[in-house]
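Okay, thanks for coming, everyone.

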Amino acid sequence: MDKVRFGIIGFGNMGGGHCSYLSKGKIEGAELTAICDIKPAKLEAAKEKYPNVALFDNHMDLLKSGLVDAVIIAVPHYFHTTIGIDALNAGVNIISEKPAGVYTKAVEELIAVAKSKPELTYGMMFNQRTNPMYQKMREMVQGGELGDLYRCVWIITDWFRTQSYYDSGDWRATWSGEGGGVLLNQCPHQLDLWQWIFGMPTRIHAFCHEGKFHNIEVEDDVTAYAEYANGASGVFITTTGEAPGTNRLEITGSLGKLVAEGKTLTFWKNKEDCGKFCHSCEGGFNVPEREKIEFNFENGGPQHEGITQNFTDHLLKGTPLLAEGCEGINGLSISNAMMLSSWKNDWVDLPNDGEEFWAELQKKIANSKVEKKNVEEKIVDLSDTYTSK
């Protein structure tokens, strides 16, 4: 293979964005050869915009066409796993948009198929892993520059959405169509980064308020508390109902504190381990000396194009993947645990087999009072939406 032929499954907001940069030749070694969508109006729009690209109204025909080496799956969440499995079984490499799926039980099935086909590649569109600020944080935390890890707090409340947004798609903000709200739609990138940088928690207790700010049946306001194997703790706060919002990630360890906010990463570096200082200092109010170090990042990295380029380079040159598909289950496990904890009003341990969450989700779907929305879906430009968070 000297060029990766990409197909896009789902010509919506995200799928349209992938088509745009691929068609403009922004990914070295890649080309756009096929687009699939089940809605005639979207296919007509794709035909008008990309007259030389093959069009399909179902994904199986695209997968069997012989026109693609890889597909980017950009459809509603429930279909990420089913289409992913179909693609792998057809001998096609895949990149899945976030989240990896709605529930871990389905993602585990996809991972099992991927592992049974080592000649194929399964990647996740975790574009925030290309952000140099988060890469720096991971490097410092994983490299031990913060010492023993104490706490990780992420307040990510700048997701404000209007009721019109939720009314713009018949699948949005429903248990049957989306499977969740802010945790499953807006926050998969942050939940992935949370564990990518700080590690996976061992248990979670969360409070997920459903329809607190909007006329929807899924969660739009969440506060969660997590505990880790080493005794560290974490807090994750998010909502789509606040304006203005905040995006602040703070990580504390025995050797200092990292704070990421805006384009600045600030490191308060202790000159002495505060745990050791605590038990050796004779003064009751003394604190370790520290210095303040700032790192400024003018851009959020190559984002979606960066993930697609990395995936292409992996297929053509063997470059290591920045976001392996099997890692997509980690952030999803956290969001599933948060929702299940809220429904039970109890702690939920990680990892878990996913059966209990799946069963409770089926109850939510069965008891849904939401009527099917009669809406006209629109494709909007999201090119500047994902660069800073």
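So, start with V71. If we skip its neighbours within four places in sequence, V71 is in contact with G7, I9, L62, L63, A87, V92, N93, I94 and I95. Keep in mind that this is a predicted model.

Let's zoom out for a moment. The protein has twelve helices and 15 strands. Buried residues make up 52% of the 389 residues. Along the principal axes, the C-alpha atoms fill a box of roughly 75 × 50 × 40 Å.

Now for contacts along the chain. Take the contacts with a separation of 6 or more: 71% of them are between residues 24 or more positions apart.

Next, helix 10. Helix 10 has 15 residues and reaches 20 Å from its first C-alpha to its last, close to the 21 Å expected at 1.5 Å a residue. Which of its residues are buried? The list is Q303, H304, G306, I307, T308, Q309, N310, F311, T312 and D313. And what covers them? The cover includes strand 1, helix 1, strand 2, strand 4, strand 5 and strand 6. Just after helix 10 comes G318, with a positive phi of about 80°.

Look at Q303 in particular, which is found in helix 10. Q303 counts as buried because its relative accessibility is 5%, and the cut-off for buried is under 20%. A polar atom of the Q303 side chain lies 2.6 Å from the backbone oxygen of G300.

Helix 1 goes with this part of the story. In helix 1, M14, G15, G16, H18, C19, Y21 and L22 are buried, and their cover includes strand 1, strand 2, strand 4 and helix 10. After helix 1 you get G25, whose phi is positive, near 75°.

Is N185 buried or exposed? N185 counts as buried, because its relative accessibility is 11%. N185 is found in the loop between helix 7 and helix 8. The N185 side chain makes a polar contact with the side chain of E178, at 2.5 Å, and with the side chain of Q186, at 3.4 Å. Leaving out neighbours within four places in sequence, N185 is in contact with H77, K98, Y165, R172 and E178.

Then there's I237, in strand 10, residues 233–239. I237 has 26% relative accessibility, so I237 counts as partly exposed. Not counting residues up to four places away in sequence, I237 touches W154, I155, I156, T157, V222 and T223. I237 and N247 are ten residues apart along the chain, and their C-alpha atoms are separated by 9.9 Å.

Okay, that's me done. Over to you!

Technical notes:
Residues numbered from 1 in each chain as written. Predicted model: local features only at pLDDT ≥ 70, side-chain atom pairs only at ≥ 80, totals over all residues. Heavy atoms only, no water. Helix = DSSP H or I, 4+ residues; strand = E, 2+ residues; numbered from the N terminus. Buried < 20%, exposed > 50% of the residue type's maximum accessible area, 1.4 Å probe, protein only. Polar contact = N/O pair within 3.5 Å; in protein donor to acceptor, adjacent residues only side chain to side chain. Contact = heavy atoms within 4.5 Å. Expected span 1.5 Å × (residues − 1).
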